[in-house]
Amino acid sequence: MMKKIICLVPMVSTLLASHSYAAVSLDRTRVVYPGSTKSMSLTVRNNNTTLPYLAQAWLEDANGKKITGPFTILPPVQRLEPGMESLFKVQALPTVAQLPQDKESLFYFNMREIPPRSDKPNTLQLALQTRIKFFYRPQSLLVEPGTNQALWQKKVILNKQGADGLLRNPTPYYISIVEALVNQKPLNGFEPVMLPPNGQANVPQASGSRVSFVYVDDYGGRQTLNYRCTTECKLEIVK
């Protein structure tokens, strides 16, 4: 999932913005950093065809605290001419070896666009910030795309707890659930949830004969898990 915030200057306030208003955009909605690589690049583009923008990038830990390791971003700030594409290079530092090697680690990649200073008086300038999930995936957990091993989301277990459902993630991967359906109808009031490795989450009112959950895969695509429930819930395997 991708979160964007508009900052109004000089007013101190924030508003949610849609992707269509972004002058500067990334080429993805999430990052999966393979433990087998020393660095990877993210493409950034200035969608404005008349004005240059600055793009500033940094990483936060799972608690939203800005960090300087175990990864570094180069360059931390760059100028993008109108319509220009460029790269942010994310490079692993030696301290990456201190991260858990038996499960994924969660960070957040942040990018802020900085517009040129306006020469017009009494003008509000918009600075939009993009925040996406950044997963470090240890080398021991890397699998070939399209194989059965890559479908760890299908190992998610759904248990009934009265009128609610309990989702259990027995895998070492993070799994983002963004939508829920009960008997093929959207579940009212459902809030997206991210299941941590070997973690669980309660889903209120997720009880019915057919329950479905939509998750986001490595490429930002949406896939569905369908369960049939009687006394217990079983995942439907589509061949």
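1. A polar contact is a pair of N or O atoms within 3.5 Å; within protein, one must be able to donate a hydrogen and the other to accept it, and residues adjacent in sequence count only if both atoms are side-chain atoms. In this predicted model, such a contact runs from the side chain of Asn 46 to the backbone oxygen of Leu 80, at 3.2 Å.

2. Residues are numbered from 1 along each chain as its sequence is written, and side-chain values use heavy atoms, with hydrogens and water left out.

3. Asn 46 belongs to strand S5 (residues 39-46); helices (H or I, at least four residues) and strands (E, at least two) are DSSP runs, numbered from the N terminus. Asn 46 is buried at 0% relative accessibility, where buried means under 20% relative accessible area, exposed over 50%, and partly exposed in between (1.4 Å probe, protein chains only). Not counting residues up to four places away in sequence, Asn 46 has contacts (heavy atoms within 4.5 Å) that include Ala 23, Val 24, Tyr 53, Leu 80 and Met 84.

4. The structure holds 9 salt bridges, a salt bridge being a side-chain nitrogen of Lys or Arg within 4 Å of a carboxyl oxygen of Asp or Glu. One of them pairs Arg 28 with Asp 27, with the closest N and O atoms 2.9 Å apart. Both partners are partly exposed: Arg 28 at 25% relative accessibility and Asp 27 at 41%.

5. Which parts of the chain does the salt bridge between Asp 218 and Arg 137 tie together? The N to O distance in this pair is 2.8 Å. Asp 218 sits in the loop between strand S19 (210-216) and strand S20 (222-229), and Arg 137 in strand S12 (residues 125-137), so the bridge links parts 81 residues apart in sequence. Arg 137 is buried, with a relative accessible area of 7%, whereas Asp 218 is partly exposed at 25%.

6. Arg 228 and Glu 236 form a further salt bridge, their closest N and O atoms being 2.4 Å apart. Arg 228 is partly exposed at 45% relative accessibility, and Glu 236 is partly exposed at 25%.

7. Most peptide bonds are trans, and most residues other than glycine have a negative phi. The bond from Gly 69 to Pro 70 is cis, with omega near 10 degrees, and Pro 70 is in the loop between strand S7 (66-67) and strand S8 (71-74). The bond joining Leu 74 and Pro 75 is also cis, with omega about -10 degrees; Pro 75 lies in the loop between S8 and strand S9 (77-80).

8. Where do the non-glycine residues Gln 184 and Asn 198, each with a positive phi, lie? Gln 184, with phi near 70 degrees, is in the loop between strand S15 (175-182) and strand S16 (185-186). Asn 198, with phi of about 55 degrees, is in the loop between strand S17 (193-195) and strand S18 (200-203). Gln 184 is exposed at 62% relative accessibility, and Asn 198 is exposed at 56%.

Notes:
This is a predicted model: local features need pLDDT of at least 70, side-chain atom pairs count only at pLDDT 80 or more; totals for chains, interfaces and linings use all residues.
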